Amino acid sequence: MNTALVVAASLVYLGLLFAVAYFVEHGGRGSARLSRSSIVYTLSLAVYCSSWTFAGGIGRASQSGIDFLPTYLGPTLAFCLGFVLIRKVLRVSRANRITSIADLIGARFGKSTGLAALVTVIAVVGMVPYLALQLKSISSGLDVLAAGAPLVDVTSIPVLADGAFWAAVVLTVFAMLFGSRSLHPDEHHPGMVVAVALESILKLVALTAVGVFVCFGLFHGVGDLFARGAANPAIAGLYTHGGVGRGIDWLAMTALAAAAILCLPRQFQVMVVENVEERHLDRALWLFPLYLLAINLFVLPIAVAGRLTMPVGADPDSLVLTVPLAAGAPWLALIAFLGGLSASASMVVVEATALSLMVCNDVVMPALLRWRSLGLAERPDLTRLLLWIRRIAMIGVMALGYLYMRWDSQRYALVSIGLMSFVAVAQFAPAIVGGLFWRGASKAGAVAGISAGFAVWLYTEFLPSLAQSGSLPPAFVEHGLFGLSWLRPYALFGLNGLDPVTHGFFWTMLANLGAFIGVSLLARQSAIERAQAALFVDAFRFDAAAQIWRRTAHLPDLVTLAARFLGRERADAAFAAWGRERGVDAAKTVHADAELVLFGERLLAGVVGAASARVLVGSVVQEEPLGVDEVMRLLDETSRLIQANRQLEEKSRELEAATSNLQAANARLQVLDRLKDDFVATVNHELRTPLTSIRTFSEILRNHPDLPLGERQEFLRVVVAESERLTRLINQLLDLSKIEADGTAARPLAPLDVAAVAADCAASMRQVFATNRVALSLAIGSEPAWTMGDRDRLVQVVVNLLANAAKFSPPGEGRVTLAVSAEADAVEIAVADNGPGVPAAEREIVFERFRQGGDPLTDKPGGVGLGLAICQRIVAQHGGRIWVEDAPDGGALFRVRLLRTAARAEPLAAAE
Amino acid sequence: MQLSTRRRDRLIGLFVAGAVLLNPPVLDLFSGGWVFGIPSLYAYFFTVWALLIVGLALVLEGSRARPDDRDDGAP
């Protein structure tokens, strides 16, 4: 097949992918829906299936049968637990704006810069062979399509003629375009995610197409294919599995893959960092295993077909291309190549993005920030610098991958290289899982565990791989370091009979877990470690970071700091959004409290990582020193605190209710107190006025014995009148206090006819009405209206009401109506006048003592202001109600409503 | 909370079932025979795998209605 055609097809394909990514990033129609879909999220997770699946899986299947499957069983089982585990990672990462696996581990163990850097270094070293594998896969794919078989030794050709070199260059540019075009506070790359999702579809389609072609084009169905394989004893062995050694290998592989799905930097990138909504995970938890199942369905048939149709000794990793080529289907081979290219490209782009992020945020930036003479901390805008550091990191990582591929990977199958990388990143699993579920996991433990695991990995996996390719003397692999046979890297301490990967995995995990748990149990945690541990372990219950870090800052400093890393506009927008959420105007705030400082730190953490963000924020905040004891007290009892907190909330709700009751009561008391003062003042005034005139006139009479008789008579008349008024007042006061003191059971109640009472009262008041020149008309029904009551008291009520009406009606044209009406269960007395009426606002208070219409001290209509108060109390004692409303012709209409009883219904009461 | 705890327990149950059924030594019991022209090892593995995924889907999607998620389909 023409190489130029293949290269052109590949470039067009990659160009198309970029166009899609560009379209999505620039908000093309429907792109938001696309990048916010759970299906796209799931498909992006399939970046897990790199060219290793595509080509290496088939190679493995053609050599050892079902052994290719644990790599997919592991993630499936891990996803069964994803509801607990991955969701927690998501939650924690979102809350703390964590953008990489190094950041996650660093942040969990006290925002440690050193630990994050260690994780980054291990990730880079571990991923370099894996990246090399992708390049190797692309270059050997090109060779197969061009020449029918991969080249045996690429080192013989110059670099510039090497397809892998150009693949590396193109993919690096691709990664830079996708992964580091601009800075986002959340490190979302929707364009990259959609492109990866598309590549995942093509991977699946291509492999399935080849599988269908093999099963139904080359053979008569799957049964025929397997049956022909079974005829060959060498191939029949692929159909079986068994034996203790292979069982252990299988289990180790499953565990390794389960750890890798959590720990691979690219997996973390698509699964956690690029996650838009947490609920997408729920769907991905079953859809992603389904994808894995689908893409593996045809792996064994293709492998068996390859064994049947290809000559013995053909490169197993190229079967997906060589089988269609040999069968005369070059176009299918091209599709398969593009599928493999998709697998490699998506893996390389996402991995390079994730690694560059880690290198930049967790190694380069912290180092540069500490290098004071560089003056970096004072530079106004660092966004471009950050982007360039990332781009250079991508170039560096890809260069390492290429170099490894060119000089080291030739002797290895794809799967072995991939598994070696898996073992390297699996070293993060204990720290991550332990860190999320075990509060006692300490930084010292994590450092010890990861270092020990990595050291063992170097010795049992990486160095031997270098030795096998001739870069290191091979003697130590054969005979052990210094000739000590128990130090042989593939049979450490004499552990024989295991696959090198299983062997390495076992020893690294033993060292890692042992050191991690052992040191964590022994070491003491610092204050910040305890704080972070509680935040991570109790992620679902507890977010009180702001309470722990009592830091304050000058807000403009904080915004300026964020602006240097995010750009002024993004920083301002972020703080403004924060302010809106809490109803504060960020522009007018000067003092940043602990919560706001934490927000700023997390904003920065999204761009430069948790550790660097802490250092940066540290430069602008005043932090109160935090003692270990204090943090222990604050956090070690988190659960108890939460419990207590709930109880407190309940209590405080009760208290709030009680408080509002008390406040109401207090307000009422204050009103009563004021009323009492008013009352005393009024009584004082009311008593003093007649007394003063009596005294004045008496003194005049005493001092002027020679006053004319007429004048003396007049003065004596005033004295007598005022004395009567005083007596009346005192009587009424006594009455009132007696009524109030007696309560309801003052006097025995007797049945009485209200109509008769009213008529009597009207008769006795005729003279008063005549004096005031007010007309009194009666509307009293002929039938009796019986109620239980105290006759004298009720007379008092009616007389008071009539006296009031007479008093307030305009003399000459005043008209007062007294009405009594009987209803089924009530008797109503109504007294209407055509005076000024009672304004709505005063309809309640006229029934209070000394409260007359208007100001009681200046506006004196002639009463003492106790009449209505007495009426109200008497009516209340009778279980009735008195109120005032507007009369039909504008005056006041007082209504008294009493309970009606049947006529003479209660002879007992009557007898008393 | 109740619902979420029950879902969690079911998912852990699926994990245990998958881990036991799809790993040696149970897996090795199916080595060697044939089912409908397919090696029984593969037929068994893929069938149990598929059932495991169906179980996951039922637990994760079945126990609650999510109207807001319904139209959030493929491109």
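# Notebook: a predicted two-chain model

**Entry 1. A:Leu893.** I began with A:Leu893, which counts as buried because it has 20 C-beta neighbours inside 10 Å, and 20 is the number from which a residue is called buried. I note here that the model is a predicted one. I placed A:Leu893 in strand β10 of chain A. I then listed its contacts, leaving out neighbours within four places in sequence, and found A:Ala830, A:Ala832, A:Val884, A:Glu885, A:Asp886 and A:Ala887. I also checked A:Leu893 against A:Val831: the two are 62 residues apart in sequence, and their C-alpha atoms are 5.6 Å apart in space.

**Entry 2. Partners of β10(A).** Which residue stands opposite A:Leu893 in the strand pairing? I found A:Glu885 in that place. The strand β9 of chain A, residues 881–886, is joined to β10(A) by six bridges, and the two run antiparallel.

I next took strand β8 of chain A, residues 826–832, which pairs with β10 of chain A, residues 892–899. This pairing is antiparallel as well and extends over seven bridges. For A:Ala826 I noted A:Leu899 as the bridge partner in β10(A).

**Entry 3. The sheet.** I traced the whole sheet and found it open, with five strands of chain A in the order β5-β7-β8-β10-β9 and mixed pairing. Which strands are at the edges? They are β5 (774–780) and β9 of chain A, each pairing on one side only. I noted that neighbouring strands are turned by 15° against each other on average, direction ignored.

I looked for helices against this sheet. Helix α35 of chain A, residues 791–808, packs on the sheet and touches β5, β7, β8 and β10 of chain A. The direction of α35 makes about 25° with that of β8(A). Helix α34 of chain A, residues 754–772, lies across β5, β7 (814–822), β8 and β10 of chain A. I recorded about 170° between α34 and β5(A).

**Entry 4. Nonpolar cores.** I searched for nonpolar cores, and the largest has 242 residues. Those with the most contacts inside this core are A:Ile105, A:Val119, A:Leu256, A:Cys263, A:Ile302 and A:Ala562. Which helix gives the most to this core? I found helix α18 of chain A, residues 330–370, with 24 residues. I looked up A:Cys263 in more detail: not counting residues up to four places away in sequence, A:Cys263 touches A:Ile101, A:Val425, A:Ala426, A:Phe428, A:Ala429 and A:Ile432.

**Entry 5. A helix pair.** I took helix α1 of chain A, residues 3–25, and helix α9 of chain A, residues 163–179, as a packed pair. Their axes are 11 Å apart and meet at an angle of about 5°. The two helices α1(A) and α9(A) are therefore roughly parallel to each other, since angles under 35 degrees count as such. From α1(A) the contact takes A:Leu14, A:Phe18 and A:Ala21, and from α9(A) it takes A:Val170, A:Phe174, A:Leu177 and A:Phe178. I sorted the residues of this contact and found seven nonpolar, no polar and no charged.

**Entry 6. Chain A overall.** I counted 37 helices and 10 strands in chain A. Of its 912 residues, 49% count as buried. I also looked at contacts in chain A between residues at least 6 apart in sequence, and 81% of these join residues at least 24 apart.

Entry 7. Chain B has two helices and two strands, and from the N terminus its elements run α-β-β-α. I found that 24% of its 75 residues count as buried.

How many residues of each chain are in contact with the other? I counted 35 residues of chain B against 33 of chain A. On the chain B side, α1 (2–21), β2 (38–39) and α2 (40–62) each supply at least two residues. The most come from α2(B), with 11 residues. I divided the residues of the chain B side by kind and recorded 24 nonpolar, six polar and five charged.

Note on methods. Residues numbered from 1 in each chain as written. Chains lettered and ligands numbered in written order. Predicted model: local features only at pLDDT ≥ 70, side-chain atom pairs only at ≥ 80, totals over all residues. Helix = DSSP H or I, 4+ residues; strand = E, 2+ residues; numbered from the N terminus. Buried ≥ 20, exposed ≤ 12 C-beta atoms within 10 Å, placed from the backbone. Contact = placed C-beta atoms within 7 Å. Nonpolar A, V, L, I, M, F, W, Y, C, P; charged D, E, K, R; others polar. Pairing = 2+ DSSP bridges. Axes fitted to C-alpha atoms, helices over the stretch in contact; angles between N-to-C directions. Parallel < 35°, antiparallel > 145°, perpendicular 65-115°, else oblique. Core = buried A, V, L, I, M, F, W, Y, C linked by C-beta atoms within 7 Å.
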